[in-house]
Amino acid sequence: MKHLLKNWMGAGMLLLASSLVAQTKTPVYQNLNAPIEDRIEDALLRMTLEEKVAMIHAQSKFCSPGVARLGIPENWTSDGPHGIRAEVFWDEWDQAGWTNDSCMAFPALTCLAATWNPEMASLYGKSIGEEARYRNKNILLGPGVNIYRLPLNGRNFEYMGEDPYLASKMVVPYIQGVQKNHVAACVKHYALNNQELDRDHINVNVSDRALYEIYLPAFKAAVQEGGAWAIMGAYNQYKNQHSCHNQYLLNDILKRDWKFDGVVISDWGGVHNTNESIHNGLDMEFGSWTNGLTWSASNAYDNYYLAVPYLNLLRSGKEDVKILDEKVRRVLRLIFRTNMAPTRSFGSFVSDEHRLAGRTIAEEGIVLLQNKNNVLPVDVNKTRKIAVIGENAIKMMTIGGGSSSLKAKYETSPLKGIQDRAAKNNVEVVYERGYVGETSAQQDGMSVADIKDDRSAEQLLNDAINAAKTADWVIFVGGLNKHEFQDSEGNDRKTMDLPYGQDKLISELVKANPKTAVVILSGNAVSMPWVNQVPAIVETWYNGSEAGSALASILFGDVNPSGKLPFSFPVNLKDNGAIALGAYPGDNKNVTYSEDILVGYRWHDTKKIKPLFAFGHGLSYTQFAYGKLSINKKAIAQGEKLTVAIPVKNIGQRAGAEIVQLYIRDEKSSLPRPEKELKGFSKINLQAGEEKTVTFTIEPEMLQFYDDRQGAWVAEPGKFEVLIGASAVDIRQKVDFNLQ
Ligand code: GLC
C-alpha cells in the first residue's frame, strides 16, 4: 500500500509541476488577466512582417485575417446601423443564402433620434450588439452620425438629424450599448459625407467653424464619451485628401487631439493611395476595388494598397515598420476588447426582448405632426370601417436602401398592423393601393414579394376614392421608399416632392372623406402642398420589423405619441440654406458649404424663414403647460454653476411624455452666431394632471463657440439668453443672464 501511495504522490507532484510549467508558459497575449497593453506588445513581438500586413486589410468582403498560428481570430465586420446584414459569399455582394441569419430589423436611426431619449439609444445599442455578437461579428459598421444638411441626401434615414448636440447625446449610449457585448461600434462616415451624389470623390470645402461646431461634435462625443473602438473613414475628400487617409481628420484631429485609441477602418472602396494610407492615419483597408454596393473585382485582396504594395515597401526598407506596428497595435487592441476579451457575452437573435425593443423605440420615435380638432386617435366606438390607402401600407421597407438593407425575420407592414389592431374592436379594414410606384424591391441578390397591380392609374385612383367615400376613417400610408433616388445609399433625391402622384391622390382622398390621416414613411423631409387640407399627419420613419404594430398603437391611441423631429421640414426646398445658396451638389469636384454654421433651424431662425414643421416639433394626445422659468443668478456671485428650472404640467386627460428643449442665445459675439442653438433637452413622463420641475445646469461649453481665429472654443463675457421650448419655434419661456 505504502508503495502505491508513493507512486500516486510522485505522479501528483509531476502533474502539479507540469501544470505550473504550463502556467508560466501561457503567452502574455493569451493571458486574459494581463493588461491589454501588455497583451498587445507580446502579440506584436510574436508576429511576422507578413502577418502584420495581412491583419490590416481585408481577405474577403467583410473580414480580415487574424493569426491562426497564434490563435488570434479573424475580425468580422457587418453592416449595419439598423440590424445585422445577411451573410454574403466570401467575395461577393450577393447573399450566401444561409438559413439562420434572418435578423431583427430595428427602426432607422432618424426614428431613434426622434425619440430624444438616450435610454432608447442604450436599449438600441444593447439589442443590436447582442444580434451582432450572436452572429459572431466583432465590428458593427454603424451607427452613422453625418449631419442632415439638406433634405435630398439619400442616406439621411441612417443618421440622427440636423443638430450636433442631439446627435451627440443620442449616439453615445448606442455605442456603449453595442460595446457592452464585446462588439466594436464603427461610427461612420468620418467626416463630411453629407451627400451621396459624387460621394466617392467630391472634395468638401467647409469653414473651421462649421467643421467644429456642426460636423465633428457627434464624432467627438462618440470617441470621447462613447469610447468608440472603431471609426469609419468617409468616401469624400477634405482638403483634397480622401477622408480614409486624411492627415487633418485622422492624424491631427481624431488621434492627436481627441486621443482616439481605436481602429480607423476605410469605407468600402474609400482607399485610393498607398503612401497616404500608410502615413495619414488609416489602420484597416476594406472593400478596395469595389464601389461599396454592387460591383467588385474578384479576389483583389493582395492588390490592396496596404497589402503587397505596402509589404514590398517594408521589405525594401522604404517604409519603417514602426508605422505598421502602430496600426497593428490598434487592431490587436480591438481584438483584445472583443474576440479575446476576458469575458464575452453570448448575444441573442430576434429574441422577444429585441422585438419589444424594436417596437418600443418605434413607438417613442413616431412623430404626430398635425392633429386638428384632436381627430386622432381613432375612436373605435365610433368607427365601423377604415380605408387604408397607399403603396407604403404594404411595401417591404427593410429591403433596399443600400448597405443598411436587411433580411428581416419578419416585417409587420402598416396595413397588417392596422388590420390586427382594428380586429380587436371588430372594425372593418379595406385596402386600396391608390397608385403603383415600385412593384418589387431587391438587394444583395435577394428579392421580395412582387406587389404587381395591373389596374390603370385612373382605375387605381377611382377605386381608392370609392373606398374613401364609404369609410369612417381614411388612413393614407405613403411617403418615400428605399429605391434609388429616394431614401437610398448611392444617390440623392432630385426633389423634395412625394413621388408617384401622391399629392394629387391625397387631395382627392380628403375631398372624398375629410377624416383622412396622412402617414408618411421617410428618412427625409417631404413637401406637403395638402398640409392645410388634411386634419392629421404622422411621420412614421422606417421602423423595421415592428413598423406596422408601432404605427397602429399610435393611430389607435394605445400609445401616446412623444416623438419630435430631429430635423426641420422646410415648406419649399429653396427654404433650405444649402439649396438657397446653390451650395449643393457642387461641381462634381468641389462642394462648398456656403451656409456655414447655419444648418437646419439655425438657418430658418437667422433668415426668419418659417418651416413647415420645426426641428423639435411633435404633438401628443395630451397637452403640456409650461410654468415660469426661474434662474438662480446668485449662484454666479457664489461661483457656483448657474441652473434654470421650469415646471411642466400635463393639463390633458391622459398620461404622456414631453421633450423640454433648452436653447442658448448669445446676445453679442465677436463672430456671427446662429439665433439660438440646442444645448439641452429632457424627456419627462407625466400622468394626467401631474407637474414636474425640469432643471438644467448651464455648463460653460453650452455658451461657447469655436473661434477659428485662435482655434479654440470660447465663451465671451456678456449677455446670454436661455430659451425653453417645446420646439425650435415654440419657445415658452426665456430668461437672460450676464456671463462675467
Ligand atoms: C458602404 C457604405 C458603408 C458600409 C460599407 C460596407 O458603401 O458606405 O456605410 O458600411 O460600404 O457595406
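A salt bridge is counted where a side-chain nitrogen of Lys or Arg lies within 4 Å of a carboxyl oxygen of Asp or Glu. The exercises below apply this and related ideas to a predicted model.

**Exercise 1. Find how many salt bridges link domain 1 and domain 2, and check one of them against the cut-off.**

Solution. Begin with the bounds, which the domain assignment places at 357-565 for domain 1 and at 622-739 for domain 2. Between these two domains the count is two salt bridges. For the check, take K564 and E658, whose closest N and O atoms are 3.1 Å apart; the limit is 4 Å, so the pair of K564 and E658 qualifies as a salt bridge.

**Exercise 2. Describe the interface of domain 1 and domain 2 by its contacts, its buried area and the classes of its residues.**

Solution. Next, turn to the contacts, in which nine residues of domain 1 meet eleven residues of domain 2. The size of an interface is often given as the accessible area lost when the parts come together. Here the area buried between the domains is about 650 Å², and carbon and sulfur atoms give 33% of it. On the side of domain 1, the residues that lose the most area to domain 2 are N560, S562 and K564, which together make up 75% of what that side buries.

**Exercise 3. Which residues come nearest to the ligand, and how much of the ligand's accessible area does the protein cover?**

Solution. Start with the 15 residues around the ligand, of which D79, K188, H189, Y235 and D267 come nearest. Then examine polar side-chain atoms: one of D79 lies 2.5 Å from an oxygen atom of the ligand, while for H189 the corresponding distance to a ligand oxygen is 2.7 Å, and for K188 a side-chain N or O atom is 2.9 Å from an oxygen atom of the ligand. As for cover, the ligand has 310 Å² of accessible area on its own, and the protein covers 100% of that area.

Conventions. Residues are numbered from 1 along each chain as its sequence is written. This is a predicted model: local features need pLDDT of at least 70, side-chain atom pairs count only at pLDDT 80 or more; totals for chains, interfaces and linings use all residues. Side-chain values use heavy atoms; hydrogens and water are left out. Domain bounds come from an automatic or database domain assignment. Contact means heavy atoms within 4.5 Å. Buried area is the accessible area (1.4 Å probe) that two parts lose on being put together, summed over both. Ala, Val, Leu, Ile, Met, Phe, Trp, Tyr, Cys and Pro count as nonpolar, Asp, Glu, Lys and Arg as charged, and the others, Gly among them, as polar. A residue is near a molecule or strand if one of its heavy atoms lies within 4 Å of it. A polar contact is a pair of N or O atoms within 3.5 Å; within protein, one must be able to donate a hydrogen and the other to accept it, and residues adjacent in sequence count only if both atoms are side-chain atoms. Accessible areas come from the Shrake-Rupley method with a 1.4 Å probe; for residues, only the protein chains shown count as cover.
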